[in-house]
Amino acid sequence: MYIDLNTYQEKVTGMKNYKDIKDGNSGLTAKEKKSPRITALTHRKLEEWKKRCEEKGYLVPYFPTKAVSSVGLATKHAPSEKSIVPLEALSKLESGFLKALLFLPNVKKIAMQIPLDDIDKTVEIAKKKGIRHPAYKPKGNISKEHAVYQYTPMTTDVLMRYTDANNIEVWHAISLKCLNRNGRLGATDKKIERINDKHEIERQYWLDKGVSWSLITSEHYLLGYYFQENLAQAYILGRREHPKQKLNKVKKEIVIIFEGSEYITLLKLCELVSQTTKIETSLVRVIFWYLIWHNEISVDLYREIGSYHILYPKKGDVWS
């Protein structure tokens, strides 16, 4: 006897066949199709990241710059005493903030694009708070097993260690966000709510680990126009090599003249140091920026610095 299973299902259970569900029940379909889960693919990617960290002996970015859509704005910064692996900033905002952290003397270690690697924990946090965890469906050449709507690991833009005012080393996680021209996190209230939900998951995750967390926007003082302009100059010239004897001679004269003059411009300072040391003015100027980058002279970088601008002593550049 032939039985139409679709008809049998509808008569006995009152349920329509999945393919015959029309408008009015579309919500049921969407719910079934878009119910995220944690997959083996996600766990595998996180394990691969942990293995890379073990091999390097340091926290490495979860994904390389070339894998990000904003690759045109990405910059790579050479290894330093604050990171034995290259640091990759994925935007102009990240790059500017990273330069500031590389400059600040009390910041000791920096890592970028660090995943919240316990995805079971982040999903649990989202469920407890009644907010939606980020999810996606992989595209491209991927097996059917993995081509499903699934939770995706979240990342923190910056994880750093710094020395606080009590000389205690503290870990701090940071999410960076550029405000739009209206001073908002997003164009719509719904978009802002979604961003805030993600930040709440991130904040709670690090709090549970005993790590403080901050949201830093493009209005932060370390991202101010003049500070970033001056820092860019110091960053470029600060990596040049100079004979130690020449550096010390210029540094000594800059300190004497700068501290002994109430109002002096950069050009006048360089000319006076050049006269005393017999080193050309252009090189004195380069060494001036070198000494700033290495925190060997104290100049206020939050003011405009140019040939005819008066130099002022800095009030202190530390992360706090």
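Analyst: This is a predicted model. Start with α9 and helix α10, residues 281–293. Their axes come within 9 Å and cross at roughly 115 degrees.
User: Is the α9 and α10 crossing left-handed or right-handed?
Analyst: α9 passes α10 in a right-handed crossing.
User: Which residues meet there?
Analyst: From α9, L266, L269, C270, E271, V273 and S274. From α10, T281, V284, R285 and F288.
User: How do the residues of that contact divide by class?
Analyst: Six are nonpolar, two are polar and two are charged.
User: Now α8 and α9. At what angle do they pack?
Analyst: About 125 degrees, with the axes 10 Å apart. Helix α8 covers residues 244–260, and helix α9 covers 266–277. That angle makes α8 oblique to α9.
User: And what makes the contact between α8 and α9?
Analyst: On the α8 side, K249, V250, E253, I254, I257 and F258. On the α9 side, L269, L272, V273, T276 and T277. The residues of this contact split into seven nonpolar, two polar and two charged.
User: What about the handedness of α8 passing α9?
Analyst: This crossing is right-handed.
User: Let's switch to α4 and α7. How do they pack?
Analyst: Helix α7 spans residues 225–237. α4 and α7 pack at about 65 degrees, their axes 10 Å apart. Their crossing is left-handed.
User: Who touches whom between α4 and α7?
Analyst: G96, F97, K99, A100, L102 and F103 of α4 meet F227, Q228, L231 and Y235 of α7. By class, the residues in this contact are seven nonpolar, two polar and one charged.
User: Which lining residues are closest to the centre of the largest pocket?
Analyst: T155, D157, L176, K177 and K198. They belong to a lining of 26 residues.
User: Which one gives the largest share of the lining?
Analyst: α6, with six residues.
User: And the classes in the lining of the largest pocket, what are they?
Analyst: Eleven residues are nonpolar, eight are polar and seven are charged.

Definitions and conventions: Residues are numbered from 1 along each chain as its sequence is written. This is a predicted model: local features need pLDDT of at least 70, side-chain atom pairs count only at pLDDT 80 or more; totals for chains, interfaces and linings use all residues. Side-chain values use heavy atoms; hydrogens and water are left out. Axes are lines fitted to C-alpha atoms, for helices over the stretch in contact, and angles run from 0 to 180 degrees between N-to-C directions. Helices (H or I, at least four residues) and strands (E, at least two) are DSSP runs, numbered from the N terminus. Angles under 35 degrees count as roughly parallel, over 145 as roughly antiparallel, 65 to 115 as roughly perpendicular and the rest as oblique. A crossing is left-handed if the near helix is turned anticlockwise from the far one by less than a right angle, and right-handed if clockwise. Contact means heavy atoms within 4.5 Å. Ala, Val, Leu, Ile, Met, Phe, Trp, Tyr, Cys and Pro count as nonpolar, Asp, Glu, Lys and Arg as charged, and the others, Gly among them, as polar. On a 1 Å grid over the protein atoms alone, a cavity is a set of points where a 1.4 Å probe fits but cannot get out, and a pocket is an open set with protein on both sides within 12 Å along at least five of seven lines; lining residues have an atom within 4 Å of a point.
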